[in-house]
Amino acid sequence: MTVIIYTHSACLAHDMGAGHPERPERLKAVQAALDRPEFAGLPRHEAPRASKEQICRVHPEAYYEAIEEVAPTEGLVQLDGDTAMSPGSFEAALRAAGAVCAAVDAVMDGSASRAFCAVRPPGHHAEPKRPMGFCIFNNIAIGALHARAQHGIRRIAVVDFDVHHGNGTQAAFWADPELMYVSTHQSPLYPGSGAVDERGSGNIVNVPLPPAADSVAFRHAFERGVLPVLDEFAPELVMISAGFDAHARDPLAQLELQTEDYHWATAELVRIALRHAGGRIVSTLEGGYDLTALTESTTAHLSALTA
């Protein structure tokens, strides 16, 4: 199965300062996975810039313009306690969102059934009117609304297995029953959202896991809380917020997933996509802060996507 890879060197130029966990080396760790011999034949494309129109399907025009205006030409500008912009950040954010839109186009026009976006900054914490949690634009929500506007896709499911709840994606999808957001995440943990009773229009499904939950607990939760609702929803497009920070080695949380869990979960989502979406999957990088675990987990994820 051919998986198209979207990435861009501009994503390495986003730098939030010394010691920040969301650092350029993360993308280099993902690239180490992409450089493995088994993925050498995958087509690679430079991520285009997202257009203002694409971004403003999720974020108000005033938000886009404010981010553009504060983008620095030198030094750092702090957007919130965790999120900053360097001179390369605005370009990186445009390319990250643009990668997901281009990946949607590729799977919809038949260039490939699946796509993976190796980009940063991540996006799932960015709310329509607020940057937060290392995120500037909500890449996956922008891609989902692009799929609707450009390709007429109605039922779109985003599955988020990042260890942190994607409050921004949930907020963007909240009132739209044709956009499903399903999240497994640690709770309690930043950003403090993602309770089971946060249901939106019946389209939000949160499956929180307690600290120290292991592979058995994760797989049980996925089998009971994620896969049945996806089958019932029958998405025309499956999108994945692929955060790898629930790995046992990750320093920012306390779940105990192993590398193999990412292959297993991805393979299950491939089966969902084959049943309902013609196999179409678009995945984009979110978190993952231990570099070795990030390389290994990305490898596992791509192995399942290409099977």
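**Salt bridges in a predicted model**

Visitor: Glu22 and Arg120 meet in a salt bridge; how many Å lie between N and O?
Guide: Welcome! This is a predicted model. The side chains of Glu22 and Arg120 meet in a salt bridge, with an N to O distance of 2.8 Å.

Visitor: How many residues apart in sequence are the parts that this pair, Glu22 and Arg120, ties together?
Guide: Glu22 sits in the loop between strand S1 (3-7) and helix H1 (25-34). Arg120 belongs to the loop between strand S5 (114-118) and helix H5 (139-151). The pair therefore ties together parts whose separation in sequence is 98 residues.

Visitor: Is Arg120 buried or exposed?
Guide: Buried means under 20% relative accessible area. Arg120 has 0% relative accessibility, so Arg120 counts as buried.

Visitor: Glu268 forms a salt bridge with Arg271; about how many helical turns separate them?
Guide: The closest N and O atoms of Glu268 and Arg271 are 2.8 Å apart. Both residues lie in helix H8 (residues 259-276). Because they are 3 residues apart there, the separation is about one helical turn.

Visitor: Is Arg271 buried, partly exposed or exposed?
Guide: Glu268 is buried, with a relative accessible area of 18%. Arg271 has 42% relative accessibility, which falls between the cut-offs of 20% and 50%. Arg271 therefore counts as partly exposed.

Visitor: How many salt bridges does the structure hold?
Guide: Some are linked in a network of Arg148, Arg154, Asp176 and Glu178. The number of salt bridges in the structure is 18.

How values were computed
Residues are numbered from 1 along each chain as its sequence is written. This is a predicted model: local features need pLDDT of at least 70, side-chain atom pairs count only at pLDDT 80 or more; totals for chains, interfaces and linings use all residues. Side-chain values use heavy atoms; hydrogens and water are left out. A salt bridge is a side-chain nitrogen of Lys or Arg within 4 Å of a carboxyl oxygen of Asp or Glu. Helices (H or I, at least four residues) and strands (E, at least two) are DSSP runs, numbered from the N terminus. Buried means under 20% relative accessible area, exposed over 50%, partly exposed in between (1.4 Å probe, protein chains only).
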